[in-house]
Amino acid sequence: MSSLAAPPAAQVLSVRPVILPAPARGDDLQVRVTAPSAGADLPVIVFAHGFGGSMTAGDPLVDHWTAHGFVVVQPTFLDSTTLGLTPADPRYPTIWRTRVDDLVRVIDELDTLVAAVPGLTGRVDTDRLALAGHSWGGQSIGMLLGARVVGADGLPGEDRTDPRVKAGVLLATTGLSRGDLSPFAQEHFAFMSPDFSGLTTPSIVVAGDQDQSLLSTRGPDWFTDVYHHSPGARHLVTLHGGEHSLGGIQDYRSTETTDESPERVDLVRRATTAFLRTALGVDESAWSDLASAPTGAVGRIDSK
């Protein structure tokens, strides 16, 4: 498998693990913080990995974001293979809730995390805060953007919207449950039943038009539900030929990538960066400049 070319070199500082004590969690929260070595008023992206990942996931995105002036904060959730939890662990059924709690803890402790990186204190604007997540990570951050989980009674559950979050990036995020979850998903992921009507935080959605999930009997359009059913999702980037890895966003040489494409990853990078620069007030024209440029055969951009 060929490697994905990295963006132009930019000097960054990265520290891992930064440990946030979490006695009730059973394992302290491990976090990686990566930041440009220069610059001030740097906005922050908290990135949530997918199932089994860790704070080292997503380097093709992290490298690009930091090269363009963002601080990226990456927690390791309890489902990470690096921690080795099994379904027999009593925490396992509620990991989906713990993920959201972890994200809130990270936001609460942003000053602590920034202070762990030499020379970063005083250069970060934590009010310019975005969340990004891939797959299960998208479901996790979606709850802080305003999505809610529909319970067995058919009603939306707890509202975890966090007003500190100004923008969201939803990458291959699972869709609605209308009786079309696979039996496995119904048994193991009952929380995968979102209500997007309260997701009002400005967001961008990225989906692959060949992303056929084993968790749903629907087609790849399942991953576009959040765009069509939430008032906050303003843009949809559809990757032609893209599968769940969106061209290989999780690693430069991941053996899990089934749709390797530097061109797809480049569009994800450029689109998410432009959206966040505009949404967080860094560059008003960044998104309009990106959206007006041709995407060719790689994908399509829709807005509402």
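1. Start at strand S4 (residues 71-75): Ile 45 stands opposite Val 72 in S4. Thr 34 also stands opposite Val 72 in S4. S3 and S4 run parallel and are joined by 3 bridges. S2 (residues 29-36) and S4 run antiparallel, with 4 bridges between them. Helices (H or I, at least four residues) and strands (E, at least two) are DSSP runs, numbered from the N terminus. Two strands pair if DSSP finds at least two bridges between them.

2. A word on the source. This is a predicted model, in which local features need pLDDT of at least 70 and side-chain atom pairs count only at pLDDT 80 or more, while totals for chains, interfaces and linings use all residues. Residues are numbered from 1 along each chain as its sequence is written, and side-chain values use heavy atoms, with hydrogens and water left out.

3. Which way do the residues of S4 point? Val 71, Val 73 and Pro 75 point one way, Val 72 and Gln 74 the other way, and all are buried. In a regular strand the side chains alternate between the two faces of the sheet. S4 is mostly covered, with 5 of its 5 residues buried. Buried means under 20% relative accessible area, exposed over 50%, and partly exposed in between (1.4 Å probe, protein chains only).

4. Axes are lines fitted to C-alpha atoms, for helices over the stretch in contact, and angles run from 0 to 180 degrees between N-to-C directions.

5. How do H2 and H4 pack? Their axes are 9 Å apart, at an angle of about 60 degrees. H2 and H4 are therefore oblique to each other; angles under 35 degrees count as roughly parallel, over 145 as roughly antiparallel, 65 to 115 as roughly perpendicular and the rest as oblique. H2 passes H4 in a right-handed crossing. A crossing is left-handed if the near helix is turned anticlockwise from the far one by less than a right angle, and right-handed if clockwise.

6. Residues of H2 in this contact include Trp 96, Leu 103 and Ile 107; those of H4 include Trp 136, Ile 141 and Met 143. Contact means heavy atoms within 4.5 Å. By class, the contact of H2 with H4 has 10 nonpolar, 3 polar and 1 charged residues. Ala, Val, Leu, Ile, Met, Phe, Trp, Tyr, Cys and Pro count as nonpolar, Asp, Glu, Lys and Arg as charged, and the others, Gly among them, as polar.

7. H4 is mostly covered: 10 of its 10 residues are buried. The cover over its buried residues includes S3, H2, S5, strand S6 (148-149), S7 and S9. Gly 146 follows H4 and has a positive phi, near 130 degrees.

8. The axes of helix H1 (residues 59-67) and helix H7 (residues 262-279) come within 10 Å and cross at roughly 40 degrees. That makes H1 oblique to H7. The crossing of H1 and H7 is right-handed. Pro 60, Leu 61, His 64 and Trp 65 of H1 make the contact with Val 265, Val 268, Arg 269, Arg 270, Thr 272 and Thr 273 of H7. The residues of the H1 and H7 contact divide into 5 nonpolar, 3 polar and 2 charged.

9. H1 is mostly covered too, with 7 of its 9 residues buried. Among them are Asp 59, Val 62 and Thr 66. Just after H1, Gly 69 takes a positive phi of about 95 degrees.

10. Last, is Thr 82 buried or exposed? Thr 82 counts as exposed, at 55% relative accessibility. Thr 82 lies in the loop between S4 and H2. Neighbours within four places in sequence aside, Thr 82 is in contact with Ser 54 and Thr 76. Thr 82 and Arg 99 are 17 residues apart in sequence and 15 Å apart in space, C-alpha to C-alpha.
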